[in-house]
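Student: I am new to this structure and would like to be guided through it. Please show it to me.

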Amino acid sequence: MAPKLVECGRHFNIELMTHTELERLQGEAPRFQATLRRRPRYVDASRCVACGECARVCPVRIEDPRCGPHARVPPFS
């Protein structure tokens, strides 16, 4: 998924919105109206370089059955 996400992130008509859920989609192609809900990130997106340093020092750990305990930083946040 990462290579495709990088490709989408470089497209001038696509804005990646992390921690965002689609609540409602109305209309018909090509004129859709989307209602989105953004959740707090707790990380300054303008300063993030995806180094993982915040995950290393985060005091909150969660158990993920797929990859064990880790900090509360989801991928592509």
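**The hairpin and its surface**

Tutor: Strands β1 and β2 are joined by a hairpin through two residues. Strands are DSSP runs of E, at least two residues long, as helices are runs of H or I of at least four, numbered from the N terminus. This is a predicted model, in which local features need pLDDT of at least 70, side-chain atom pairs count only at pLDDT 80 or more, and totals for chains, interfaces and linings use all residues. Residues are numbered from 1 along each chain as its sequence is written, and side-chain values use heavy atoms, with hydrogens and water left out.

Student: How many bridges join β1 to β2?

Tutor: Two strands pair if DSSP finds at least two bridges between them. β1 and β2 run antiparallel, and the number of bridges joining them is eight.

Student: Is A34 buried, partly exposed or exposed?

Tutor: A34 is found in strand β2, and L25 stands opposite A34. Buried means under 20% relative accessible area, exposed over 50%, and partly exposed in between (1.4 Å probe, protein chains only). Because its relative accessibility is 46%, A34 counts as partly exposed.

Student: Leaving aside neighbours within four places in sequence, with which residues is A34 in contact?

Tutor: Contact means heavy atoms within 4.5 Å. R24 is ten residues from A34 in sequence, yet their C-alpha atoms are 5.8 Å apart. With those neighbours left aside, the residues in contact with A34 are L22, R24 and L25.

Student: Of the eight residues of β2, what number is buried?

Tutor: L36 lies in β2 and, at 40% relative accessibility, counts as partly exposed. The strand lies largely in the open because, of its eight residues, the number buried is zero.
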